[in-house]
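Subject: Model for your review

Dear colleague,

I am handing over the structure below, together with notes on what was found in it.

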Amino acid sequence: MSKFLAPFIVLFALLAGQLVAQQIRIVENVTIVRDGRTVGRYGQSSTTQPTVQTSVCYNDTLAYPLHKSSNLRVVNMNSANSAAAFGQYYDAPQPITISKLRFYAYKLNPAGGLASNVIVELYNARPDSLPMGAPIRTANILVDTNFHQGSLSALEKVVTFSSPATVSGGYVVVVRNSSVNPIGLVIDDYLAEDGDGEWLANAQISGIWRHAYQLNIAGTPFDGDILLDPIVSYSLSANFQTNPTCIASPGIATFTNTSSPILRNRMYNYAAFLNRTGHSVTWQFGDSTGEQRQVTSIDTTHYYAAGGSYNVHLRDTIYGWSTITAADTMIQLGEAPEANFVHTTTALNAHFINQSGAGANAFYWSFGDGSTSTQVSPYHSFTTAGTYNVCLYSSNWCGTDSVCKTVVVTCPVPTAAFSASANLLAITFTDWSTGGVNAWEWNFGDGVTSTQQNPTHTYMTPGNYLVHLRTYNACGMDSSWYWLNTICPMPAAAFAHSTNGLQVNFSNLSSAIQGWVSWDFGDGSNSAQQNPIHNYVNPGIYTACLTVSNPCGADTFCETVTVSTVGIASTLDQQFEVYPNPVASTLHIHAQLPSQDQVQLRVLDLLGAEIKRIDLDMVQSNDLMLDVQDLAVGSYLLQFHTTEGMVVRRISVLR
């Protein structure tokens, strides 16, 4: 756009034919350069794929006033001798979400500082398009004195509201300067009537909002706009109606576009701004020619050469000021539907799967037992087995078709079966019944019952019990009987121990225990702990016994425990080395005893059972080798018995 000068002019507001004392000043000798900005150039498109009926247009900047302008001027905005605020009205033909506001301004002089605070506001509009009530959003921005040589893009200010606001009616965006220090605000060229006679601009003088047509410049009405561009988002929904809805024979179909009204609004759609709204519409009529064309009207007609079913596709496009958004929808022009279905049955329950074609959209089922349904693919439960005549009626705008089929419903009773697994007297029962079982009744033969599918029951005493299971479904009941012989293995007591001076650590190695344990340490002391630690008062040799039990009985295991003073025991324990550990075939034993002696080695399993007993001659040598190839893979306890005490080592045999 060409550069221009805006002469100093005083703009007065007229109210009821009288001049108002407050003045709106136009800034003198100012040139604004549009920097090569071209009307109608868009950013990246934001189109959607076919079959999507609604799209969202994000962050479109409504540069509507800028696109109407031929030249630009700068208005003096201050609270002393001009308007303190300027506003611009916008339509909201549907819900619009406003997140930001763009305007163009600079501070006219450094009086009061190099920058001034400018307030931007968002109002709902009154029926006469002026701001109504209090602002629904407010934000602030600093405007400095840098004129940037009149570059429009450099003068651009963008303010973001703390949260977006959605309006459903007309709204007004406002820029306000509450200071007496003037701000230069870029507006349209009012002399060229750039407002197109729409009178969308307004100004606040002495706290009163006035329309642009109530303002003039030297007798010329202010038919211009304020370059206040909201940044908005909105939905675009594509839809249309057809007449007729069925093509039964050759003829003309009429298509009426019922898409979002924003499609036709010149503030949001550049095609509507150019009065070429039809260029926002693309139709595809679905006939054999595959015809696709842009029309010059939102609504259109099309001739079909033959009756049949046709998929008609509509794409609506918003050519926004900074984005392009498209939405698609498809409607099927039908012919009389063709009813069909298949079904599956399980006992008295049936699932009917609708396979109707030709755009059927309404259904009526008759199941032959007096029951009906309007679901697409219903489930139905018959009360008794038998043969039923099931009918489906499928409809659309063009007519109704029906099909009836014979459905045989059988109802086998279940087959009861189960198994049992024991853990002492606790028996877990696993249900293996078949035939759609939905209820279980257990009788465990000892007076106890259960309705669980897979119960666990603990008997009080061993014995033979007749267990009875009944299973049910909608068709009947079946029973299964099982003689259960509950056994209870006797516990086996065993333990290992290690000494440290007068302290002995006992490790319970018993099996099949359930309930209590009892230790007798041979010195008058006892314990009920599983793995106790006992401190003897005096050195000596004691017989320690462990008694364990379960519901079937008790068992006792005793072993000699030799304890000595801490010094002797610790010294003795340090004299024995066994390696390697784990061992595969040969175990090396090194014993540096205080006095050479015969040593007896006892090999025990972890349950305390003695595997073998060997006399080791440590008099001849401190290093001996022990062949362990006759031991099975596993862990063992080695007890070295000397005249000074006993040492225990644990080894693992691996191969």
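A salt bridge is counted here when a side-chain nitrogen of Lys or Arg lies within 4 Å of a carboxyl oxygen of Asp or Glu. This is a predicted model, in which local features need pLDDT of at least 70 and side-chain atom pairs count only at pLDDT 80 or more, while totals for chains, interfaces and linings use all residues. Residues are numbered from 1 along each chain as its sequence is written, and side-chain values use heavy atoms, with hydrogens and water left out.

Salt bridges

The structure holds 12 salt bridges. In one of them the side chains of E198 and K68 meet at 2.7 Å, N to O. This pair joins distant parts of the chain, since E198 sits in the loop between β12 (183–188) and β13 (201–205) and K68 in helix α1 (residues 64–68), 130 residues apart; helices (H or I, at least four residues) and strands (E, at least two) are DSSP runs, numbered from the N terminus. For exposure, buried means under 20% relative accessible area, exposed over 50%, and partly exposed in between, with a 1.4 Å probe and protein chains only. By that scale K68 is buried, with a relative accessible area of 8%, whereas E198 is partly exposed at 27%.

D196 forms a salt bridge with R266, the closest N and O atoms being 3.5 Å apart. Here too distant parts of the chain are linked: D196 is in the loop between β12 and β13, and R266 is in the loop between β19 (251–257) and α2 (270–273), 70 residues away. D196 has 44% relative accessibility and counts as partly exposed, and R266 is likewise partly exposed, with a relative accessible area of 27%. K68, D196, E198, D225 and R266 are linked in a network of salt bridges.

A further salt bridge joins the side chains of D128 and R126 (2.6 Å, N to O). D128 is partly exposed at 32% relative accessibility, and R126 is partly exposed with a relative accessible area of 34%.

The second largest pocket

A pocket is found on a 1 Å grid over the protein atoms alone, as an open set of points where a 1.4 Å probe fits, with protein on both sides within 12 Å along at least five of seven lines, and lining residues have an atom within 4 Å of a point. About 150 Å³ of space lies in the second largest pocket, where the volume is the space filled by probe spheres set on the points, which are joined across faces, edges and corners. Of the 10 residues that line this pocket, A496, H497, S507, L637 and R650 are the closest to its centre. At least two lining residues each come from β39 (495–500), β40 (503–508) and β52 (645–653), and β39 gives the largest share, with three.

K612 is found in strand β49 (residues 610–617). Contact means heavy atoms within 4.5 Å, and, not counting residues up to four places away in sequence, K612 touches L601, R602, V603, D627, D630 and L631. T410 lies in the loop between β31 (399–409) and β32 (418–423), and with sequence neighbours left out in that way, up to four places away, T410 touches A347, L348 and A385. T410 and C475 are 65 residues apart in sequence and 9.0 Å apart in space, C-alpha to C-alpha.

With best regards
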